Amino acid sequence: MLAPSAHHLSARRAAMLLFAVSCAVAAQDRPLTVCFRNAAQLRPLTLALTGDAIRSYARELNADIQITCVDPDVTISLLAAPRDHQPPDALGAVRTRGGAILPEIEIYCQPIRAMLDTRLDLSEARAYAMVAAHELSHYLRQSGRHGSAGLDSEYLSKGTLAYGVPRLRGRK
Ligand SMILES: [Zn+2]
């Protein structure tokens, strides 16, 4: 039995996206394998686009990502809504046990969709992937801490979800 998720990403307010915090993540020497569990029954196209979109965060996460459910390093469950013990505006969470952040991520599709003005598959997929990348960052950093801006912000604004995390020049 896992402890309740101790970390949530919520949508309560927009963050000012002025500064980036670079995170020191050890480079992986092999791809990080990720499996999606589609409990929310997203359309196959949306699911495929979400996989493509999360792979685009390789630079921010300092890890190449491969989508496979064969012995995956990380499982991302796409759920319709947050669980009862979570805030209703939670967008995603990562499970913890003791001081460890587990490779078990949940994405809450309804609250994410509620922040978008479009039903386009690609827009939804990019938003799901952004939340997933945020939670993946917690796992890879083994830290629940947040930065003041960008992917590691505690709150993702509607604009950021719709248009993406600003990618700063010169960031490696
Ligand atoms: Zn977070």
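Mentor: Two strands pair if DSSP finds at least two bridges between them. Keep that in mind as we look at this predicted model.

Trainee: Thanks! How many residues lie between strand 5 and strand 6 in their hairpin?

Mentor: Strand 5 (residues 90–97) pairs with strand 6 in the antiparallel sense, over five bridges. One of the turn residues, G98, has a positive phi of about 60 degrees. Between the strands of this hairpin, the number of residues is two.

Trainee: Which residue in strand 6 is the bridge partner of T96?

Mentor: Strand 5 and strand 6 run antiparallel to each other. Across that pairing, T96 has as its bridge partner I101.

Trainee: Do strand 4 and strand 6 run parallel or antiparallel?

Mentor: Strand 4 covers residues 74–79 and strand 6 covers residues 100–108, with five bridges joining them. As one point to find in the structure, L79 stands opposite Y108.

Trainee: Now the helices: is helix 1 parallel or oblique to helix 4?

Mentor: The axes of helix 1 (residues 44–55) and helix 4 (residues 121–141) come within 8 Å and cross at roughly 50 degrees. Angles under 35 degrees count as roughly parallel, and 65 to 115 as roughly perpendicular. The angle here therefore makes helix 1, relative to helix 4, oblique.

Trainee: How many residues of that contact are nonpolar?

Mentor: Helix 1 brings residues including L45, L49 and I54, while helix 4 brings L122, Y128 and A132 among them. The contact also has two polar and three charged residues. The nonpolar residues number ten.

Note on methods. Residues are numbered from 1 along each chain as its sequence is written. This is a predicted model: local features need pLDDT of at least 70, side-chain atom pairs count only at pLDDT 80 or more; totals for chains, interfaces and linings use all residues. Axes are lines fitted to C-alpha atoms, for helices over the stretch in contact, and angles run from 0 to 180 degrees between N-to-C directions. Helices (H or I, at least four residues) and strands (E, at least two) are DSSP runs, numbered from the N terminus. Angles under 35 degrees count as roughly parallel, over 145 as roughly antiparallel, 65 to 115 as roughly perpendicular and the rest as oblique. Two residues are in contact if their C-beta atoms, placed from the backbone, lie within 7 Å. Ala, Val, Leu, Ile, Met, Phe, Trp, Tyr, Cys and Pro count as nonpolar, Asp, Glu, Lys and Arg as charged, and the others, Gly among them, as polar.
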